[in-house]
Amino acid sequence: MNRLGKISTFQMFAVLLLSRIIALFTFMLPSTSYLPSGDRIITVIPVIIIELVFTAIVIFSLKNCGNKNIISAASDISSVLGKAVSVAYALCFIWFAGIAVSRFELFISTVMFPNSELYLMTVILLSAAFYASLKGPEAIGRASTILSVLLGLSIIFILISVTDEFEFTNLKPILTQGLTPILRFSFYISTRTVELITILVIAPIIKGNIKRMTASWVVFFGALTMVILFVLAGVTGEYGDDQIFPLYTLTVIAKFGIFERLDDILTGLWVLCAFIQVSFLIFLSYFSLKQSYKKAKKIPVSFICTSGVFAVYLTTSQTVTSFSEIIGSFAQDILFIVLISVLPLLITAINFIRKRKSA
Amino acid sequence: MNKNTSEEKQYFTGNIKTDSNAVKNAFGGSFDLIAREILFGKTPIYIFIIDGMCDEIKIIEGVIKPLTEIYPETNSKNLNDKIQKRLFKGTSVKLRRTVEEAALDIIMGNLVLIADGETEAVSFPLQGFPKKAVNEPQTEQNERGSQEAFTDNFKDNTTLLRRRLRTPSLTIRQITLGKTSNTPALICYLSDRVSSELLDKITKRIDKIDLDAVLGSGYIRPFIDNRHPSFFTDTGITERPDTFASMLLEGRVGIIVDGTPYALIVPYLFIDYFHAVDDYLSSPYYALFMRVLRIVCFIIASTLPGAFVAICLFHPEIMPADIMYGISAATSKTPFPIMIEALTIHFIYEIVREAGLRMPRSVGHAVSIVGALVIGDAAVTAGLIAAPMLIIVALTAISSSVIVKLHEPVAIMRFGFILIGGFTGLYGIMLGIGLMLIDICSVSPYGIPFSAPVSPFVLKAQSDVLLRRNWTKFKKKKLIQGMKF
């Protein structure tokens, strides 16, 4: 474990922040659903509550595993179960990394290189992410800390730059369509991200209080999202409601001095965020497999995982519509629920029963 | 530390003829080995020196005269004892039992004396070879600080260091490197500040150096450097005794190699590349400004040409319309694609720089004229190069002169960024920056992250990262000491 290095809670916070911000703000809504901007702002509150519930499950499971992660706990029950769980989590991370690459490619092909085949770009991104994943969680964590500061400053700069465009008349009344669409959308947002699942696996190499870090990250990110959505709603009005790249839309409108738009600042940071997210997920897929397959070699296994990510990208990256159908599918809900709550709770329960019996 | 071979050692026998011949044979008949036989009373004595390596006045006044005139000893018993006690009282006289040890001392500039009937040679440190005087720093000039730089002679360098750190805790350990060159080197540290773990690690790495010759500090740098392949080296180089002393005050370890004025410092962090002596001699706010300026220069020097190519080829909408029209009008008249143009001009710039470094100083002005007029003005007038590109190259060149210590990685990365910017636009540039960041963050020389104290953030060490605290509050430098990982 020591050879892999450790990551501090502060660095982990930064990694999760970059990972979530690109996942959420690059592709916010499935193109088929609609939620007015006012309702979208208050969606953040149920999202925070749902995520805190999932956080509680994650922390409860980890607490009952001792200082181990969920894969090691499964291996304690049976080596076959351990191997199955490690493969399940590795595949989950490969899937989410592939989705991240597809989402990013759709963004790039829309805003940077319209009408271009971006396979070469994707190969370059994955090669860079593969290299970064080999450097381990410490390097990714340290780089994320620096990038999250840059990202934070850029977001503040962009938000200040659009204050002139802010119109209170653009804000819509809330709850015009009732509570159900809000709750459905909250659940949708909460179950399309991988960050909380990563905690279940990476916990043993995090230095510090994981519970405090995860809870504060959920609340901080919720607050940040609320601010961005509020400004977005005030600046773009109805136009922003059906934008699939909401923060990007904001930067196109923003002006500063002689610069007519600030979208390139965001695009540049987006590339770095995607790079960090994919690197981290490739590392985690290797790390998951390493837990049960002790002889797994870092470079070949990471390379296979990276190839898996490329395969997922090729499958999922077609059009915005097909992509939104894939990530909006019911299977995605099931995948998330199983990996974040069913499997950890099941392993915890079996371990608990075994301990009772042996006592 | 000395890498003796497994050959059998030849011990002194006590027979003056056999022993003196053995020493002569060790040098294979070198013309500069001076062997003189004199009489100490009635006892024959051989003196060995290398011509030009010893101080002649000291030899005559301190050895020849006392032996032949002042102490005409008749009793030939315990000669070595008498010689040691009477000649050069107080100097570090050493007794050598083997011919190899004695030969090594002679090479180092010692005078070796063999007396008939004695099975040990006496070695006196009487070095006095011609050496360069203490000069001004060549690559680390400053405005208000000391104007002294290290010299090629390691003993002069210890004096320069001792004059700055007048404390007994300054420990200087001598080692010998290179099986054939037998180069003296010094490991320097402050015993009350350096961590024993760090010292052990560095000493172990130095012990593993298995080179035939060490002719400069650059030879041992790869052995001390962190083993990860990385653009940036985590071993610092300085020619300034004051910078060296300040690094030791922070708990670091320094290595001085004889024959080179550039000393090594380990561990060396990324942020150290942006610090200069003047930062500590000017006001804190000005030091902050200069440090930020250096970081900006590093970014400009490595990424500006690549970003310019990327913007011109893929993202012209970034720039305000008037500027963009001007640039596109200029670049449209040149025959080469902008990426090739950028690569060519930077390659020419590197040629001019290398020429400036290697050529005799007397023709320096000629190269400047060729560089500025022929390559610059004439190429633009002839329509071979666009003027905006020349401005970018000039800005890049000036910026890289601000961060001289980073020239090696920056020069290589610049070409990489031009290529990646030309093929993939800002997308590739940002990915390149990401990789560079990962590269910086992945190295942990001797357990201290190269990217510290910025990431991981170390609050205690922030008094001297970007902002340097005022000296009234900044009593003790603690950069390395404050970091525990």
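## Ground rules

This is a predicted model, where local features need pLDDT of at least 70, side-chain atom pairs count only at pLDDT 80 or more, and totals for chains, interfaces and linings use all residues. Residues are numbered from 1 along each chain as its sequence is written, chains are lettered from A and ligands numbered from 1 in written order, and side-chain values use heavy atoms, with hydrogens and water left out.

## Where the chains meet

The contact (heavy atoms within 4.5 Å) involves 28 residues of chain A and 26 of chain B. About 2,500 Å² is buried between them, and carbon and sulfur atoms give 77% of that; buried area is the accessible area (1.4 Å probe) that two parts lose on being put together, summed over both. B:Tyr427, B:Leu431 and B:Ile438 supply 28% of what chain B buries against chain A, more than any other three residues.

Helix α14 of chain B (residues 407-442) gives the most to chain B's side, with 13 residues. Helices (H or I, at least four residues) and strands (E, at least two) are DSSP runs, numbered from the N terminus.

## The sheet in chain B

Five strands of chain B make an open, antiparallel sheet, ordered β1-β2-β4-β5-β3; strands pair if DSSP finds at least two bridges between them. β1 (33-40) and β3 (94-96) of chain B are at the edges with a single partner strand each, so one side of each has no neighbour in the sheet.

β1(B) and β2 (residues 43-50) of chain B run antiparallel, joined by 8 bridges. B:Thr43 in β2(B) is the bridge partner of B:Phe40.
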